[in-house]
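Hi,

Here's the structure I promised to pass along. Have a look at it first, and then read on for my notes.

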Amino acid sequence: MGKTTAEKIFDAHLVNEPFPGTKVLRLDAVLCHEITTPIAIDDLIRRDKDRVFDPTKIKAVIDHVTPSKDTKTATQAKILRDWARRHDIKDFFDIGANGVCHALFPERGFIRPGYTVIMGDSHTCTHGAFGAYAAGIGTTDLEVGILKGVCAFRQPKTIKFNVTGTLPKGVYAKDVILHIIGKIGVNGATDRVMEFHGAVVDAMTMESRMTLCNMAIEAGGTSGICQPDMTTVEYLWPFIQDEFTSKEAALTDYSQWRADVDAEYDQTIEIDVTKLEPTITFGYKPDQVKTVSELTGTRLDQIYIGSCTNGRIEDLRIAAQILKGHKLAPNVRGILSPATPKIQQQAIHEGLIDIFMEAGFCVTNPTCGACLGMSNGVLAEGEVCASTTNRNFMGRMGKGGMVHLMSPATAAASAIEGKIADPRKYL
Amino acid sequence: MKTFGGPVLFLDRGDINTDEIIPAKYLTEITKEDLKPYILEDLKLPGFDPKGEKTKNARVIVSRANFGCGSSREHAPWVFEVNSITAVIAESFARIFRQNMFNCGMAAIELPAADLDQIFSHAGDKDATMSINIEAGTLTMSGGGVQKTFNFEISPFDKALVLAGGWVDYADQKY
């Protein structure tokens, strides 16, 4: 019997099975940010265990609230910063070099096919785009990961998503994943890995694959996973060219992590995207989705483009393409948060930032920002935001506020019209 | 090991998420104790008051499917812990929340939907108490003039974590 990608990674990283059904895995990357890590650090100090298993495998960033907004967030940043210095964690990203963790760490080449990755952040599933097993965990699991470089998991079952057809104009990875979540529900993949296959995924850039995997958790999935291929190799090439004699050699090596053709799946779900329309959430759960045609004209107060879901360069390019020569409708305000400094700089070079600013957008530094209502861009009671983020829970972007999740293209079209609008007429 | 059981807080809705349990704006707190006043602050349910007596007295939460979905924040189990709630009983849990509970030595207990229907119909709108025996895998609900015992299963690993009081000491000894 063949194996899924997650099964191959589990076998290669197994430390032991302390109880039937529980597998302790060796970790290749332990990622940290300033919201969930400081309490782990504090607890390790109190237990007299202020150690790290391997400083080269720990990566840390201040991203949720940056620059700090008050004494409490400054303290969280300081705890992380002091700890990174104390343990000689070289891959620590502070103000000026920091950005949204799930965009920054892949951009630095830290995630490779076959890796095991954990982070105290539910959207860690993003990194599965590289053919890795990447799971969000809580602070206690993070603490053990930092201390011992291991994490316990149940052997995951895998759902295969075969995404076929042709993506229509104005429809992107974000629409595909919203459609999938709408189809299987917010717990449709609980304790499952979501393995994405099919010609549509094969044709996607790494950025689009990250968007796809980013929202696996919104269906309860442990990790999204895409199959490593030449697109993966090309993305990673600047970081791996000393390890391999050629791109083909890298591809051969990485292909060991591809699922076997006779792998056994818990379920296989066919998704034909040919007739898919731009897809948007309408309620307070990510599985409450409708097509843009059904929601056209819905009232808005704020447009937010950014986050670990859709704050990457291709997202900014698509939104700018639509916004070019247009202004924000007078009833809405717009906020753009490029996900990393590199993306921001690239967007400046390409003239994208000019387009956003001429349209009337406020451009912030790279940060998680409005997505979870912790720092900037918070909504007032009764306000509505068109957002490229991943979570529309009640109060997520501010108490009493409401969020419609959508693609950058739909957000840009909605910015122009000041209400939910169809991006296809601008393309 | 923590103690389990006592007055029940019923939350009769599926998909209760971590933003409802503890809003993100409180994630800047550095100690667990500071989270205490904000328990379930953004949860809107008919008849539910996050600041009410039932919330204050609760030691056990009984809810429906996919409890604890959303963020990885361990602040969700912590805000229960500092409010003396050490067990949540539900039809199913989001993976990260469930593991966070056991990693803290707390209990996330799954019961079939039919058992939960019985519990809700007998006592969902009344005062009820729950006694929980982790070793035996049994829980007894008393409320609405009815006393009823249910069996549950937790994995051997999760049981070991509850008995050990959490994952950090366990892992540091073994790995």
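How many residues of chain A are in contact with chain B? Keep in mind that this is a predicted model, but in it 49 residues of chain A are in contact with 38 residues of chain B. On the chain A side, the elements giving two or more residues include the strands β1 (14-19), β2 (22-26) and β8 (150-154), along with helices such as α2 (37-46) and α3 (71-86). The largest share comes from α5(A), with seven residues. By type, that side of chain A splits into 18 nonpolar, 18 polar and 13 charged residues.

Now for chain A itself. It has 16 helices and 19 strands, and 59% of its 427 residues count as buried. For 427 residues, a compact globule would have a radius of gyration near 22 Å, and chain A comes out at 21 Å, so the two agree. Its C-alpha atoms fill a box of roughly 60 × 55 × 40 Å along the principal axes. If you take the contacts between residues at least 6 apart in sequence, 77% join residues at least 24 apart.

The largest nonpolar core has 194 residues, and A:Ala319 and A:Leu323 have the most contacts inside it. Helix α13 (residues 313-323) of chain A gives the most to this core, seven residues. Domain 1 (5-270) and domain 2 (279-422) of chain A both contribute residues, so the core lies between them. Leaving out residues up to four places away in sequence, A:Ala319 touches A:Ile305, A:Pro408, A:Ala409, A:Ala411 and A:Ala412.

Cheers

How values were computed:
Residues are numbered from 1 along each chain as its sequence is written. Chains are lettered from A and ligands numbered from 1 in the order in which they are written. This is a predicted model: local features need pLDDT of at least 70, side-chain atom pairs count only at pLDDT 80 or more; totals for chains, interfaces and linings use all residues. A nonpolar core is a set of buried Ala, Val, Leu, Ile, Met, Phe, Trp, Tyr and Cys residues joined through C-beta atoms within 7 Å. A residue is buried if 20 or more other C-beta atoms lie within 10 Å of its own, exposed if 12 or fewer, and partly exposed in between; C-beta atoms are placed from the backbone. Helices (H or I, at least four residues) and strands (E, at least two) are DSSP runs, numbered from the N terminus. Domain bounds come from an automatic or database domain assignment. Two residues are in contact if their C-beta atoms, placed from the backbone, lie within 7 Å. The radius of gyration is taken over C-alpha atoms; the globule rule is 2.2 Å times the number of residues to the power 0.38. Ala, Val, Leu, Ile, Met, Phe, Trp, Tyr, Cys and Pro count as nonpolar, Asp, Glu, Lys and Arg as charged, and the others, Gly among them, as polar.
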